[in-house]
Amino acid sequence: MDASQLKQEHLLALKVMRLTKPTLFTNLPVTCEDRDLPGDLFSQLMKDDPSTVKGAETFMLGEMLTLPQNFGNIFLGETFSSYISVHNDSPHVVKDVLIKADLQTSSQRLNLSASNAVLAELNPDRCIDDVIHHEVKEIGTHILVCAVSYTTQAGEKMYFRKFFKFQVLKPLDVKTKFYNAESDLSSVTDEVFLEAQIQNITTTPMYMEKVSLEPSIMYSVTELNTVNTGADGSSTFGKMTYLQSMDTRQYLYCLKPKPEFSEKAGVIKGVTVIGKLDIVWKTNLGERGRLQTSQLQRMAPGYGDVRLSLEMIPDTVNLEEPFEVTCKITNCSVIDKSKIGISGTNMDSDKIASRYCHCSERTMDLVLEMCNTNAIHWCGVSGRQLGKLSPNSSLHLALKLLASVQGLQSISGLRLMDTFLKRTYEYDDIAQVCVVFSHLKPES
């Protein structure tokens, strides 16, 4: 048997075409002045051209649409759509026709066929059509595998495949930055400001339909991308929400722990899941794309076992006159169970921790010490007992100070000692006050 007999032509023909939005037809207008040699020839030709806009023939964009001339680019987050057609080119009836479309990525193989039903018969000059859709969620090389199986009139089972390889590109470059800030003096935990920098790295402009932050269960979010002008707020980017190629925008969000979590300072410590960004855009003729980032995480600021925050402090004080501040002391202590254990035992960390400390959090017995500085002096008794402080609980403390130097002065010199562990916690540069001469009344 020679090679020509081994290579048998199939009775069915497979055609695959990507479905994309058409583009506006553009033409290049050619004009001249009436006194030139062509006269009004060019003007008359453009008026007779069916692709031009009547009354605006010199406008480059026409009224017609152009079908895609090539495969084009596919970007992450877009929906890949393809038209699959199997045509019977032979004069014979073909039986048991089955079409299967799979998409092979670097990590998985997906079945995109809308129906896996077998067609009993396919007459000559008839075809089977199918449209597949898939939201692209991976970048890199993708291979569309289209397989066709059928049975001839002679009962011979036939099978062939075609491969279509394409690349999925990255449409946006997203960078995030976290900033920690005190939301107010009475807050137990810090607010978190998230800055998201989004850059369009495609070659065409895109319409930014939505850029939002979906917070985790521990946080509530406030968008800071509008300017309040009257009843309705306007976008900080203006009325035009288009992002040109290689342009970058910064979006800002403020996250605040929910009340049920903010009262438990120990819960917020360590690595915290903030949430994820949801980005929706549109390109040519409304073709939609969507991206969701992975869960964003940030390292929460560590406050140690004891956190000291200020609830009330005046902005301006008089020289050599006592003033009062209100402090809040919170027990944030958590015992690391991984460091508590006995080698050679089968006891888990929970049982060992309960044997030594009865719980993963411990009660503190605190003593307050006050150390004067050159500009700020504490009024009161240093070394007084504050009593026991339970885990995740707080106590308020009113303290008096006196400033002896004018200018902007830092409040420092507070010391808290845990008598149980004989550990001292130092607090310097807690806040700043402006000290003025007593004859100058501070502005309200």
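Me: Are Phe80 and Phe166 buried or exposed?
Reply: The model is predicted, so to speak of local features requires pLDDT of at least 70 and side-chain atom pairs count only at pLDDT 80 or more, while totals for chains, interfaces and linings use all residues. Residues are numbered from 1 along each chain as its sequence is written, and side-chain values use heavy atoms, with hydrogens and water left out. Buried stands for under 20% relative accessible area, exposed for over 50%, and partly exposed for the range in between (1.4 Å probe, protein chains only). Phe80 is buried, and Phe166 is also buried.

Me: How many aromatic pairs are there?
Reply: Rings of Phe, Tyr and Trp (its six-membered ring) pair if their centres lie within 6.5 Å; planes under 30 degrees apart count as stacked, over 60 as edge-to-face and the rest as tilted. By this rule the aromatic pairs number 3.

Me: What are the ring geometry and the class of the pair Phe80 and Phe166?
Reply: The ring centres of Phe80 and Phe166 lie 4.9 Å apart. Their planes stand at 25°, so the pair is stacked.

Me: How many residues apart are Phe80 and Phe166?
Reply: Strands here are DSSP runs of E with at least two residues, helices are runs of H or I with at least four, and both are numbered from the N terminus. Phe80 is in strand S5 (residues 79-88) and Phe166 is in strand S11 (residues 157-169). The pair links distant parts of the chain, at a separation of 86 residues.

Me: Which residue lies over the face of Phe237?
Reply: A charge sits over a ring if NZ of Lys or CZ of Arg is within 6 Å of the ring centre and within 35 degrees of the ring normal. At 4.5 Å from the ring centre of Phe237, the residue over its face is Arg249.

Me: How many salt bridges does the whole structure have?
Reply: A salt bridge is a side-chain nitrogen of Lys or Arg within 4 Å of a carboxyl oxygen of Asp or Glu. A search of the whole structure gives a count of 6.

Me: In the salt bridge of Asp102 and Arg109, what is the distance from N to O?
Reply: Asp102 is buried, with a relative accessible area of 8%. Arg109 is partly exposed at 45% relative accessibility. Their side chains meet with an N to O distance of 3.3 Å.

Me: With which residue does Lys170 form a salt bridge?
Reply: Lys170 is partly exposed, its relative accessible area being 42%. The closest N and O atoms of the bridge are 3.7 Å apart, and the partner is Asp173.

Me: How far apart in sequence are the parts tied together by Glu209 and Lys282?
Reply: Glu209 and Lys282 form a salt bridge with the closest N and O atoms 3.4 Å apart. Glu209 lies in strand S14 (residues 206-215) and Lys282 in strand S20 (residues 271-282), so the tie spans a sequence separation of 73 residues.

Me: Which residue in S29 is the bridge partner of Cys379?
Reply: S27 and strand S29 (residues 394-403) run antiparallel and are joined by 4 bridges. In S29, the partner of Cys379 is Lys400.

Me: Which residue in the turn between S31 and S32 has a positive phi?
Reply: Strand S31 (residues 414-418) has 4 of its 5 residues buried. S31 pairs with strand S32 (residues 423-427) in the antiparallel sense over 5 bridges, and Leu416 has Tyr425 as its bridge partner in S32. The two strands form a hairpin with 4 residues between them, and the residue with a phi of about 55° is Lys422.

Me: Which residue in S31 stands opposite Glu369?
Reply: Strand S26 (residues 364-370) pairs with S31 in the antiparallel sense over 5 bridges. Opposite Glu369 stands Arg415.

Me: Which residues does Asn73 touch, not counting those up to four places away in sequence?
Reply: Asn73 sits in the loop between strand S3 (61-66) and strand S4 (74-75), and is partly exposed at a relative accessible area of 46%. Contact means heavy atoms within 4.5 Å. The residues touched by Asn73 are Arg18, Glu78 and Leu169.

Methods:
Two strands pair if DSSP finds at least two bridges between them.
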